[in-house]
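This report describes one protein chain, from its overall layout down to single residues. Please look at the sequence and the structure before reading on.

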Amino acid sequence: AEKTHPRGREAAADETWRGRWSRLAAGADTLSDGAYFIGLRRGLGWFGDGHTTPLPFEFTGGVPDALKGGAFGLSLPVRIALFHDGAFVTAAGPADRALRGARSSHVGSVRSEDLIRAIPQDWPENQPWAHRWSGFSMTSPAHLQGLGAVTDPRRPVRLTIAGPGSRQAELSPLARSPDLIETTRPTTAVPSGASP
């Protein structure tokens, strides 16, 4: 980044920038994959341009081969997306299909709202992208570990559903996610000639 970014020279001379990388390097051997990734993204967040960051693996075609054997090779058998009123399960594997359409209040030990707020901290100045991709972070055991929501990415993750009769589901991380069943929404026919 110091060699290729338009502000690379400024970064190289900045004490805050250098401090971020010194701290990350000092702890690299003890950090989980997820915590290292979050630290890397937060380090690059110094630029504050929203583009200087590792892209979500889902955007780049999948997890790189070198990381597939670790926590990044695992995913929860649900898909979560953000809407204006919270984080909702939009798809689930056959065993968890009852969760479709449910609003999440917690993923692991962290409130969904706190996860939603934490994700833009490591992707500054690009709120729409952080919002768009944070659902993937909420179903990635590696990201959840990096964000402090789980301690062991290989153990089942507790998903707490909000609302009356709040309930919890234990989701086992899988190396290959099952075919997810999408949530279906009712549609209303628009009368002929009417404006939608």
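In strand 2, Ala87 is the bridge partner of Leu82. Strand 2 covers residues 86–92, runs antiparallel to strand 1 and is joined to strand 1 by 6 bridges. The two strands make a hairpin, and 2 residues lie between them. The model shown here is predicted.

The side chains of strand 1 alternate between two faces. Val78, Ile80 and Leu82 point to one face and are buried.

## The chain as a whole

The protein chain contains 6 helices and 7 strands. Along the sequence, the order of these elements is α-α-α-β-β-β-β-α-α-α-β-β-β. The C-alpha atoms fill a box of roughly 60 × 45 × 30 Å along the principal axes.

Of the 196 residues in the chain, 41% are buried. The chain exposes about 11200 Å², and carbon and sulfur atoms supply 52% of that area. Contacts can also be sorted by separation in sequence: among those between residues at least 6 apart, 60% join residues at least 24 apart.

## A second hairpin

Strand 5 (residues 157–161) and strand 6 (residues 167–171) pair in the antiparallel sense, with 5 bridges between them. Within this pairing, Leu159 of the model stands opposite Ala169 in strand 6. The hairpin of strand 5 and strand 6 has 5 residues between the strands, and Gly163 in this hairpin takes a positive phi near 105 degrees.

## The largest pocket

How much space lies in the largest pocket? The volume is about 490 Å³. The lining of this pocket consists of 23 residues, and Glu58, Val63, Leu74, Ser75 and Phe136 lie nearest the centre.

By type, the lining residues divide into 12 nonpolar, 7 polar and 4 charged. Helix 3 (33–44) and strand 1 (78–83) each supply at least two residues of the lining.

Is Ser134 buried or exposed? Ser134 has a relative accessible area of 0%, so this residue is buried. Ser134 is found in helix 5, which spans residues 127–137. Not counting residues up to four places away in sequence, Ser134 touches Leu82 and Ile119.

Ala26 is found in helix 2 (residues 15–27). Ala26 counts as exposed because its relative accessible area is 70%, and the cut-off for exposed is over 50%. Ala26 and Gly8 are 18 residues apart in sequence, and their C-alpha atoms are 22 Å apart in space.

Ser177 lies in the loop between strand 6 and strand 7 (181–182). The relative accessibility of Ser177 is 23%, and therefore Ser177 counts as partly exposed. Leaving aside neighbours within four places in sequence, Ser177 is in contact with Ser75, Leu76 and Pro77. Ser177 and Leu76 are 101 residues apart along the chain, while their C-alpha atoms are separated by 7.0 Å. Ser75, another contact of Ser177, is among the residues nearest the centre of the largest pocket.

Terms used
Residues are numbered from 1 along each chain as its sequence is written. This is a predicted model: local features need pLDDT of at least 70, side-chain atom pairs count only at pLDDT 80 or more; totals for chains, interfaces and linings use all residues. Side-chain values use heavy atoms; hydrogens and water are left out. Two strands pair if DSSP finds at least two bridges between them. Helices (H or I, at least four residues) and strands (E, at least two) are DSSP runs, numbered from the N terminus. On a 1 Å grid over the protein atoms alone, a cavity is a set of points where a 1.4 Å probe fits but cannot get out, and a pocket is an open set with protein on both sides within 12 Å along at least five of seven lines; lining residues have an atom within 4 Å of a point. Grid points are joined across faces, edges and corners, and a volume is the space filled by probe spheres set on the points. Ala, Val, Leu, Ile, Met, Phe, Trp, Tyr, Cys and Pro count as nonpolar, Asp, Glu, Lys and Arg as charged, and the others, Gly among them, as polar. Buried means under 20% relative accessible area, exposed over 50%, partly exposed in between (1.4 Å probe, protein chains only). Contact means heavy atoms within 4.5 Å. Accessible areas come from the Shrake-Rupley method with a 1.4 Å probe; for residues, only the protein chains shown count as cover.
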